[in-house]
Amino acid sequence: MEDEIKQRLQSYSRRLFLQRAGLLTGMVALGGGSYIYNPKGTWAADPIKVGIATDLTGPISWGGIPNSNVAKMVIDDINSKGGLLGRPLQMILEDTATNEQLAVTKVRKLVTQDKVDVVFGGITSSMRNAIKDTIVNRGKTLYIYPQLYEGKECTPFLYCTGPTPAQQCDTFIPWLIKNGGKKFYLPSADYVWPHVLNAYARTVIEKNGGEVVGEEYFPVDHNEYSATVNKIMSNKVNVVFNTTIPPGVAAFFKQLYEAGFSKNGGRLACVYYDENALNITPANEIEGLASCLDYFKAVNDPYGNKIQAEYTKLYGTKNPFTAGSAATGMYRGLRLWAVAVTAAKSLKREEVAAALDHAKIADGPGGPSEVVPGRHVKMNMYTAVAKSGKYEIVEKSKGQVMPGECV
Amino acid sequence: MNQPVASRTKRQIIPVIELTLLVIALILPLFLQDFWVLFTTRVFILGMLALSFDLVWGYAGMMSFGQALFFGMAGYSAALLATKWSITSVFVLLPVGGAVGLVVAFLIAGIIILGKRPPNLVFVALGTLTSSYVVERLARGWSYVGGQNGIPSLPRLTAGSFELTEGPLFYYLALVLLALVYLGLRILTRSQFGLVLAGIRQQENRMAFFGYKVQNYKGFVFCLAGLIAGISGGLYAFHEGYVGPGQLGPVLSTQVVLYALFGGAGTLIGPIVGTGLVDLFSFYLSQIWETGWPIVLGLLLLVIVVFRPTGLIGFLVSDRERVGSFGRPTKAAPPTPDARHEPA
Amino acid sequence: MNVVPFFFDVLAYSAIFVLVVLGLGVIASMMGIFNFAHGEFVLLGAYTVYLLQEHGMPVWMGMIAAPFAVAIVGLLLERIVIRRFYATPIVAMLGTYAIALALRETVRMLLGGQFYNVTAPFVGSFEVGEFSISKWRTAVIIITVLVMVGSYLLLTRTKLGLQVRGSLENPGLARASGISTSRVYAATFAFGSALAGLAGGLMVPIYSLNADMGVPFLIKSFLAVMLGGMGSFEGSIAGAALVGASSAALPWAIKPVVADVVVFLVAIAIVKYRPEGLLSKWRK
């Protein structure tokens, strides 16, 4: 009797399994289930496909979510004004999940299956490096990378619309020396961006009469900085030019604060710190922290404010529109690309790239920007200081700063 | 009523599954779009890795949480040869990958598995996990191998003057290698060697008392698995076009364990099926719920682990066939005079 | 080298680490299961504190609530999932891995992937000569010591503790003596989870809340338990103290990446040559 029941159950689950397998095969054959944002309304022509590949899940999701939000916002806006070349834009969103192995498959889908005309995305450099080959070489598609990074990405057909070390250091470091002091310490996360940024920063520091007392590298999740803090205090360092990143940075800032660094007049500097990052530690611990980015909410420019209002209305305040999360780079990249497509009157990669090589937009978050030779973008840079948990702009660059890459 | 023993044995399902899948795999590129050909190729490659894990766990009873270590190191070695020394021949890079996998497995086996006292299960599991973790961290910090970024933009594999592009060409390369490995393992596990392994898996001490040098068998299997993982690592690097520390670490190592368990550990076809299904599920889940799909994946894996530890193969295949019979099939014993008096 | 900050920081980190490992060690010793979701229990403790803070409650209240909240979660998981696997601990470990994935991603979704801070109940530092010693980190050390002493007393002086130790040494005999090992296991799992939750709650003002905060602890914790020896309370503490102290101390002398690797290699080597761990009383 028991055997019979067991057999029946087994054959039942067997049938169920085979049924489900059949369903799945059907799905595979039809290629169904994509995160596609279709343009509203009726259009005379086929849509232009825009691929957005970003980290919606995983440790970098704090950046990926605003990226995809901004993309959607801009694409809807372009569509509401008639699309590009009379065609609507269709956004195809893929989650790269902060997992490079998974990301390659997703990007491959965008490029091979959906045959998108352009890919925007990647936040960390490791993600960009993982997917760029699939997009640009094997997929022969245009790739626009929106995040601030270490530079030296000179692959053809790959455009970088976020700040480079030159843009973050050239005006910032002189300000730091004037408003902090000459002795610098460079505590860093151990990966490419801090290494390259530090090398560049060092030249600027020394050119302006400063001195690098120490440079140290930690794993990103390192949470014991007592040795470093001790060296900083005992060497009477004036400026801590920090490139440790979350999660380790929280512990570092706290330990630095508790050792009395800012109380004794030290200046904390961190070039990726945007409004989002202000939440990482209590406000008193980062009082006086200086950052240099292409946009802050505190810039209060009319265009930026308009974007903020629209963004908040659509997406709320949980994942705000900030420069550190590549959202500004994404905005800028999309607008510049739209300008290029309109100028080239085509979607062929070579023609759009030719137009993109010198595309410019008259206004954007933080001001206008323009693509320069080398496939990077010149833009305004702002120095801001954290006061009571909010940023205050203390310096604006004299015009757009050159990226200084790939020339 | 007296029935001869032979007709009471159940029909074997696994060979049917194997053959069906092989035939489907051979003709699939004719029907699938480009992207899906690439997807399936990747499934073959990762399936080979899952197979290497199952060899160690399902057949020899060692829980290796670090298979990705061999996979990744092979991938890195091949990538370094390709980028720094411009060697792209498949006939060099894949064997190198396999060799690296073998050597590293040998070293790890020496430290963790072999030695005076046989290690306990948990030690092997955690030891391999830790090795995978440590090497990943080292790779993340070592700029020569690209650090966090890894080595991007790898050239394509070449066979003579012929470029092995991804698509049907690479597909068949991966399929052929997978089939060869599969066949080899099938012969191995159905042989006397396999019988010894089964014994080790069930009751290690008894095998030792029989005089088998258990440690040597385990070591051999572990190294063989390392070799297979290495070959798949080499293939993966060139199919995806880059190597990164993620290919070395505990995330991939644990994922491989889940692939094998999902499909069915202790069989050879199970891990491959598991890889395909888990990857497919992940892919579709991420299309349906962009921000929450990892939660669903976790729950799904949990359900399988809890309710069906034999994996999906367990739905189709009886337990007895899963554990397997060994050696050549014995002819049904002729009924002895006494059997006539036994109840039917 | 400045001795006072050095010792304090090593002590402070080790205290947190010991608290995390204690919970894991208790579960591993009792049931032979290494709970891959232990890091996520720590996360849940931290999240509880944050959540309560968001609803206007004082932080210290959240810290008291955290171990209880996580104990309940642990208990539920034990009853529903883990109980089935006592015979096959490896499968249990994989089950906890899947649970860890689900928990971590759920919290990530709830947090929007962001980092949040929680203010410590005691802000600021003591001035000891020319050094500043964090008030909250001192409090954490004191609380850890109290918890360890309390747990020890619980284990050795109470009836429940006696039952736990009996089930640990000889489950069959314990059952034969009328002890419900099932209940003891449930209680142990809940207790281990509670410790993790407490650790998470205490550490969140120091390390800030985010979905991945438990991950770095996991493998180090496994190592610490193996090193110290399964089957004894003191073993887990010893292992945790050793691993924690060396993780905090070595970066003073060598590069942090290398320090990490050294800790692991030494621990593996020790466990290899002394598989029962340093202080084990486990009779197989």
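Residues are numbered from 1 along each chain as its sequence is written, while chains are lettered from A and ligands numbered from 1 in the order in which they are written. Because the model is predicted, local features need pLDDT of at least 70 and side-chain atom pairs count only at pLDDT 80 or more, whereas totals for chains, interfaces and linings use all residues; side-chain values use heavy atoms, with hydrogens and water left out.

Chain B contains 14 helices and 2 strands, where helices (H or I, at least four residues) and strands (E, at least two) are DSSP runs numbered from the N terminus. Of its 344 residues, 58% are buried, a class defined by a relative accessible area under 20%, with exposed meaning over 50% and partly exposed lying in between (1.4 Å probe, protein chains only). Contacts (heavy atoms within 4.5 Å) in chain B that link residues at least 6 apart in sequence join, in 81% of cases, residues at least 24 apart.

When residues up to four places away in sequence are not counted, the residues touched by Tyr273(A) include Phe253(A), Leu278(A), Ile286(A), Phe296(A) and Tyr391(A).

The contact between chain B and chain A takes 43 residues from chain B and 44 residues from chain A. The area buried between these chains, that is, the accessible area (1.4 Å probe) that two parts lose on being put together, summed over both, is about 4000 Å², of which carbon and sulfur atoms give 56%. Across this interface there are 2 salt bridges, each being a side-chain nitrogen of Lys or Arg within 4 Å of a carboxyl oxygen of Asp or Glu. A salt bridge joins the side chains of Arg108(A) and Glu240(B), with an N to O distance of 3.0 Å. The interface of chain B and chain A also has 13 residue pairs in polar contact, both residues being at pLDDT 80 or more; a polar contact is a pair of N or O atoms within 3.5 Å, of which, within protein, one must be able to donate a hydrogen and the other to accept it, residues adjacent in sequence counting only if both atoms are side-chain atoms. Several helices of chain B each supply at least two residues of the side that touches chain A, including H2 (34-59), H9 (214-240) and H11 (269-288), and the largest share, 8 residues, comes from H11(B).

Between chain A and chain C, the contact takes 35 residues from chain A and 33 residues from chain C, and the buried area is about 2800 Å², with 53% given by carbon and sulfur atoms. In chain A, Glu224(A), Glu258(A) and Lys318(A) lose the most area to chain C, together 20% of what that side buries. The count between these chains is 0 salt bridges, while 9 residue pairs are in polar contact.

Within chain A, Thr244(A) lies in the loop between strand S9 (239-241) and helix H9 (248-258) and is buried, with a relative accessible area of 1%. Its side chain makes a polar contact with that of Asn242(A) at 2.7 Å. Pro247(A) lies in the loop between S9 and H9 of chain A, and a cis peptide bond, with omega about 0°, joins Pro246(A) and Pro247(A). Most residues other than glycine have a negative phi, and most peptide bonds are trans. Lys152(A), in the loop between strand S5 (142-145) and strand S6 (158-160), has a positive phi of about 70° and is exposed at 62% relative accessibility. Cys154(A) is in the loop between S5 and S6 of chain A and is partly exposed, at 36%.
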